[in-house]
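Take a moment to turn the model around before you read on. We will walk through it together, going from the overall picture to a few individual residues.

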Amino acid sequence: MTTEARAPGRPAGLTGEDLLAVARDVFLERGYGGASMEEVARRARISKASLYREHPSKSALYEAVVRHWASAGRDAMRPALERLQAADDLRQGLAELAETMRFGILSEPVLAMRRLVTAEAVTQPEVARMYLEESWNTNIRNLAETLRAVAARHGLRMDDVDAAAADLTWLVIGAPLNARLLADDIEAPPVDRAVDLFLAGHRRR
């Protein structure tokens, strides 16, 4: 899409999701404080006036970037959850889900956005809360819905499926997430350990 007239042969300026992708790159490279509307406009090949018409301030642009990112990843786990719900071998299904969770949550683009939002949580608290709700909390609720069906099918005991979903998530990604954010060279424990701990806590006695 274009935002303004251009000479023949001149590349079209970016708007919408393409503009947000450019802005995300600038925020990730420079941080919120170091990013500028001028730089975003230059990379998007649009005028500052065009950028300000679409996003009236840097804080509004930052919020739009984070909101779009969270929305795009909201249902990323859905296929893996559907496979778990259909799995006959519960332990194997949980292990496959755990590997998918690690691959997604610990991927560099996801970690980079987490670092950015965390770094700006004090100065942009509403954006941080929105990111937490629309990304992390939404995925926990989606997992809880699946665990409710899994528990009924496989005879697990889950008095609080939301807590069980949070427990499983942290068992799977807690240590490697901490390592990736702080060290990046610590080998993650096998997902089988997390799965076995989870099942041990929820099998009917």
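A residue is called buried when its relative accessible area is under 20%, exposed when that value is over 50%, and partly exposed in between. With that cut-off, 41% of the 205 residues of the protein count as buried. Please keep in mind that this is a predicted model.

Let us begin with the whole protein. If you draw a box around the C-alpha atoms along the principal axes, it comes to roughly 70 × 35 × 30 Å. The contacts tell you how the chain comes back to itself: among contacts between residues at least 6 apart in sequence, 67% join residues at least 24 apart.

Now look for helix α1, which covers residues 16-34. A straight helix of its 19 residues would reach 27 Å at 1.5 Å a residue, but the end C-alpha atoms of α1 are only 22 Å apart. Where is the kink in this helix centred? You will find it at L28, with an angle of about 75°.

A search of the whole structure turns up four aromatic pairs. One of these is formed by F27 and Y32, whose ring centres are 5.9 Å apart; the planes make an angle of 5°, under the 30 degrees needed to count as stacked, so this pair is stacked. F27 is buried because its relative accessible area is 1%, and Y32 is buried because its value is 14%. Y32 also pairs with Y62, with ring centres 5.2 Å apart; here the planes are at 70°, over the 60 degrees of the cut-off, so the pair is edge-to-face. Since Y32 lies in helix α1 and Y62 in helix α4, this pair ties together parts that are 30 residues apart in sequence. Y62 is itself buried, with a relative accessible area of 1%. Taken together, the ring pairs link F27, Y32 and Y62 into a cluster. While you are looking at Y32, find K58 as well: it lies over the face of the Y32 ring, at 4.5 Å from the ring centre.

Next comes a residue with a backbone angle to notice. Most residues other than glycine have a negative phi. R45 is not a glycine, yet its phi is positive, at about 60°. This residue is found in the loop between α2 and α3. Is R45 buried or partly exposed? At 35% relative accessibility, R45 counts as partly exposed.

Another loop to visit is the one between α4 and α5 (78-86), where M77 has its place. M77 is buried, with a relative accessible area of 17%. Leaving aside neighbours within four places in sequence, M77 is in contact with L97, T100, M101 and N139. M77 and R148 are 71 residues apart along the chain, and their C-alpha atoms are separated by 16 Å.

Our last two stops are in helices. N142 lies in helix α8, residues 125-154, and at 10% relative accessibility N142 counts as buried. Which residues does N142 touch, apart from its neighbours within four places in sequence? They are R74, D75, R78 and L81. Finally, A112 lies in helix α7 and counts as buried at 18% relative accessibility. A112 and A188 are 76 residues apart in sequence, while their C-alpha atoms are 19 Å apart in space.

Notes
Residues numbered from 1 in each chain as written. Predicted model: local features only at pLDDT ≥ 70, side-chain atom pairs only at ≥ 80, totals over all residues. Heavy atoms only, no water. Helix = DSSP H or I, 4+ residues; strand = E, 2+ residues; numbered from the N terminus. Expected span 1.5 Å × (residues − 1). Bend = angle between axes of the 7 residues up to and from the residue. Phe/Tyr/Trp six-rings, centres within 6.5 Å; stacked < 30°, edge-to-face > 60°. Buried < 20%, exposed > 50% of the residue type's maximum accessible area, 1.4 Å probe, protein only. Lys NZ or Arg CZ within 6 Å of the ring centre and 35° of its normal. Contact = heavy atoms within 4.5 Å.
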